[in-house]
Amino acid sequence: MAAPHVAGVLALMVSRYPTISPTGAIASLQRTARAFPAACVGCGAGIVDATEAVKWSGTIAPTITSVNVDTCNGSYELNWSAVPSATSYKIWRRAPGATISYVIGTVTSTSTVVVAYGSGTTAWDVQACVGAACGVPSDPVSRPYYAGCP
């Protein structure tokens with residue numbers, strides 16, 4: 001029975017922020033969901049929080065501007081656009097084939113070095129934060145792991 005509620009929240013998000021990307025909308029729903037009060041197998045990210053999801057979806061997402069090979073061990077340098085008033089940026093990483101991202105670090109600059117998983121393609125996105133409140137993540141970028149220098 002959650003689908004109609006989630007669809008309604010998505011409609012609110014799009015009506016208030018017409019340029020929100022599908023990635024931003026999904027991230028907003030997932031990262032603002034409240035935990036289930038008890039264990040629930042196959043129930044998704046949690047209980048939708050309409051107020052927080054709509055509020056969170058209006059924040060500006062950084063744009064990843066370049067991904068450069070850093071060293072010959074699967075490292076890449078991510079660079080992104082600065083977001084006005086951002087005090088820090090969270091870096092998220094998603095393993096090959098996974099649907100959930102994990103925070104791998106927080107930085108105050110607009111660039112950092114990230115490492116790909118040992119096989120397959122790894123995805124990263126960046127999220128601007130003002131204090132403890134963080135906004136919609138960037139659209140993800142993906143790169144394969146490589147063992148040697150390109």
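Visitor: Which residues have the most contacts inside the largest nonpolar core?
Guide: Bear in mind that this is a predicted model. The largest nonpolar core has 15 residues, and those with the most contacts inside it are Ile64, Leu78, Trp80, Tyr89, Ile91, Trp124 and Val126.

Visitor: And which strands supply at least two residues each?
Guide: Those are E1 (64-69), E2 (75-80), E3 (88-94) and E6 (121-130).

Visitor: Let's pick on leucine 78. What does it touch, skipping residues up to four places away in sequence?
Guide: Quite a list: Ile64, Ser66, Val67, Ile91, Thr110, Ser111, Thr112, Val114, Trp124, Val126 and Val141.

Visitor: What does the second core include?
Guide: That one is separate and has seven residues, among them Val9, Ile20, Ala25 and Val54.

Visitor: OK, valine 107 next. Where is it, and is it buried or exposed?
Guide: Valine 107 is in strand E4, residues 102-107. It counts as buried, because its relative accessibility is 19% and the cut-off for buried is under 20%.

Visitor: Which residues is valine 107 in contact with, leaving aside neighbours within four places?
Guide: Trp80, Ser88, Tyr89, Ile91 and Thr112. As for serine 15, its C-alpha is 32 Å from that of valine 107, and the two are 92 residues apart along the chain.

Visitor: Switching to charges. How many salt bridges are there in the whole structure?
Guide: The search turns up one. It joins the side chains of arginine 34 and aspartate 49, at 3.8 Å from N to O.

Visitor: What does that pair tie together?
Guide: Both residues lie in the loop between helix H2 (22-32) and helix H3 (50-57), so the bridge ties together parts that are 15 residues apart in sequence.

Visitor: Are those two buried or exposed?
Guide: Arginine 34 is partly exposed, at 46% relative accessible area, while aspartate 49 is buried at 18%.

Visitor: Last topic, pockets. How much space is in the largest one, and which residues lie nearest its centre?
Guide: It holds about 620 Å³. The lining has 25 residues, with Ile26, Leu29, Gln30, Arg31 and Ala45 nearest the centre.

Visitor: Which element gives the most to that lining?
Guide: H2, with six residues. Helix H1 (2-16) and strand E3 are also among the elements that give two or more.

Visitor: What's the lining like by class?
Guide: There are 15 nonpolar, seven polar and three charged residues.

Key
Residues numbered from 1 in each chain as written. Predicted model: local features only at pLDDT ≥ 70, side-chain atom pairs only at ≥ 80, totals over all residues. Heavy atoms only, no water. Helix = DSSP H or I, 4+ residues; strand = E, 2+ residues; numbered from the N terminus. Buried < 20%, exposed > 50% of the residue type's maximum accessible area, 1.4 Å probe, protein only. Contact = heavy atoms within 4.5 Å. Salt bridge = Lys/Arg side-chain N within 4 Å of Asp/Glu carboxyl O. Core = buried A, V, L, I, M, F, W, Y, C linked by side-chain atoms within 4.5 Å. 1 Å grid on protein atoms, 1.4 Å probe; cavity = no way out; pocket = protein on both sides within 12 Å on 5 of 7 lines; lining within 4 Å. Points joined across faces, edges and corners; volume = space filled by probe spheres on them. Nonpolar A, V, L, I, M, F, W, Y, C, P; charged D, E, K, R; others polar.
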